[in-house]
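Me: Hey, I'm new to this one. Can you walk me through it?

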Amino acid sequence: MATTTSSLSSSSSSSSSSSSSSPLSSWREGMSSDNIKGLCLALSSSFFIGASFIVKKKGLKKAGSSGLRAGSGGYSYLYEPLWWVGMITMIVGEIANFAAYAFAPAILVTPLGALSIIISAALAHIILRERLHLFGILGCVLCVVGSTTIVLHAPQEREIESVREVWDLAMEPAFLFYAALIITAAFVLIFHFIPLYGQTHILVYIGVCSLIGSLSVMSVKALGIAIKLTLSGMNQLIYPQTWAFTLVVVVCVLTQMNYLNKALDTFNTAVVSPIYYTMFTTLTILASVIMFKDWDRQSPTQVITEICGFVTILSGTFLLHKTKDMTDGHGMQSSLSSVRLPKHSEEDGQDDVEGIPLTLRRQDSMRDS
């Protein structure tokens, strides 16, 4: 009887210990070592990129005070050291982001950019005096919750042994159609809509950045895989596909940088960051699903959970944007396109106090007199 009792107790204790450790073991099985490396790199990237938005904005404002603003086609910010500090900070963040794509799928890496929104919004509140509403903090929390959901259900990285495999994926009809559609839309925005609406509609500049950005991420991932394989002993520099992806990365990044500078100089930083993140992440996930077929290796439950996590992030960014409008005294605007920089209002003589324009306050003072 004693032997039976002890065996029963030992079996029950072992079963309880195995059941208690099952969530941890299942999480470890879900997160490979490569995914964990990509996660850490993506988090560090978000910190650097979020801070760079604020430093670059300070540089753009300083350069605009003594020369032609970037939003008006000027490039005086290139002579401003503070802008270059922000640019170097962004480059460091992009390098970390670049490395993250070499280890983890885009569905895992890209949504973590929500952390850069939180950082840029918080720093804009402290440094640029762009006030963050209480509901904006709730928006930040939603971004964190959505990012965590995606991280816990992200797909495993696809096993690729040559950059030529990535090239074959990019040459499939579905992705070629997507790339042609993106390039056409970007050209229409650049040559038709920007001259007409660039200074008044925030989605025009950010649209170009997001469209081109989805292609740059796919090329960055391909180039990152080539470098990772080369460092592991399988030289990928001998293949022309590696250099083709490099050329695409250079062209796309330069285009993104140019139009992102225009957006930052024309519109509020706390508005540019979440809208850019939303559009860029949506298009990047779509491009990754088409090119690398990330969702083909997942169950419907995992896919739906990832979509819910992404919708949660979008809700957070939307809340950040709307509460920023509220704090500026402009109300809940019906369109994202009409949000302008507070500094332009100040330059035009509209010094708002508690949301009341200067012209209205002058009329009130005249009535009192």
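Me: Okay, where does M171 lie?
Reply: M171 sits in the loop between α7 (163-170) and α8. Helices here are DSSP runs of H or I with at least four residues, strands are E runs of at least two, and both are numbered from the N terminus. Bear in mind that this is a predicted model, where local features need pLDDT of at least 70, side-chain atom pairs count only at pLDDT 80 or more, and totals for chains, interfaces and linings use all residues. Residues are numbered from 1 along each chain as its sequence is written, and side-chain values use heavy atoms, with hydrogens and water left out.

Me: And is M171 buried, exposed or partly exposed?
Reply: M171 is partly exposed, because its relative accessible area is 39%. Buried means under 20% relative accessible area, exposed means over 50%, and partly exposed is in between (1.4 Å probe, protein chains only).

Me: How far apart in space are M171 and M291?
Reply: Their C-alpha atoms are 9.0 Å apart, while in sequence M171 and M291 are 120 residues apart.

Me: Let's zoom out. How many helices and strands are there in the protein?
Reply: The protein has 14 helices and zero strands. Along the sequence, the pattern reads α-α-α-α-α-α-α-α-α-α-α-α-α-α.

Me: What share of the residues counts as buried?
Reply: 46% of the 369 residues count as buried. The protein exposes about 17900 Å², and carbon and sulfur atoms supply 68% of that. Those areas come from the Shrake-Rupley method with a 1.4 Å probe, and for residues only the protein chains shown count as cover.

Me: What about contacts, what percentage join residues at least 24 apart?
Reply: It's 82%, among contacts between residues at least 6 apart in sequence. Contact means heavy atoms within 4.5 Å.

Me: Back to the helices. At what angle do the axes of α8 and α9 cross?
Reply: The axes of α8 (residues 173-197) and α9 (residues 202-231) cross at roughly 155° and come within 9 Å. That angle is why α8 counts as roughly antiparallel to α9. Axes are lines fitted to C-alpha atoms, for helices over the stretch in contact, with angles running from 0 to 180 degrees between N-to-C directions. Under 35 degrees counts as roughly parallel, over 145 as roughly antiparallel, 65 to 115 as roughly perpendicular, and the rest as oblique.

Me: Which hand does the crossing of α8 and α9 have, left or right?
Reply: The crossing of α8 and α9 is left-handed. In a left-handed crossing the near helix is turned anticlockwise from the far one by less than a right angle, and in a right-handed one clockwise.

Me: Which residues make the contact?
Reply: On the α8 side they include F175, Y178, I182 and F193, and on the α9 side V204, Y205, L211 and M218 are among them. By class, the contact has 19 nonpolar, two polar and no charged residues. Ala, Val, Leu, Ile, Met, Phe, Trp, Tyr, Cys and Pro count as nonpolar, Asp, Glu, Lys and Arg as charged, and the others, Gly among them, as polar.

Me: And α7 with α10, at what angle do they pack?
Reply: They pack at about 60°, with their axes 9 Å apart. So α7 is oblique to α10. The crossing of α7 and α10 is left-handed. V163, R164, V166 and W167 in α7 meet Q241, T242, A244 and F245 in α10. Those residues divide into five nonpolar, two polar and one charged.

Me: Tell me about Q241: is it buried or exposed?
Reply: Q241 counts as buried, because its relative accessibility is 16%. Q241 belongs to helix α10 (residues 240-266). Setting aside neighbours within four places in sequence, Q241 is in contact with V163, R164 and W167.

Me: New topic. Where is I118 found?
Reply: I118 is in helix α5 (residues 114-126). I118 is buried, with a relative accessible area of 17%. Beyond its neighbours within four places in sequence, I118 is in contact with C140, C143 and V144.

Me: Last one, which loop holds K293?
Reply: K293 lies in the loop between α11 (269-291) and α12 (300-327). Phi of K293 is near 55°, a positive value in a residue other than glycine. K293 is partly exposed, with a relative accessible area of 23%.
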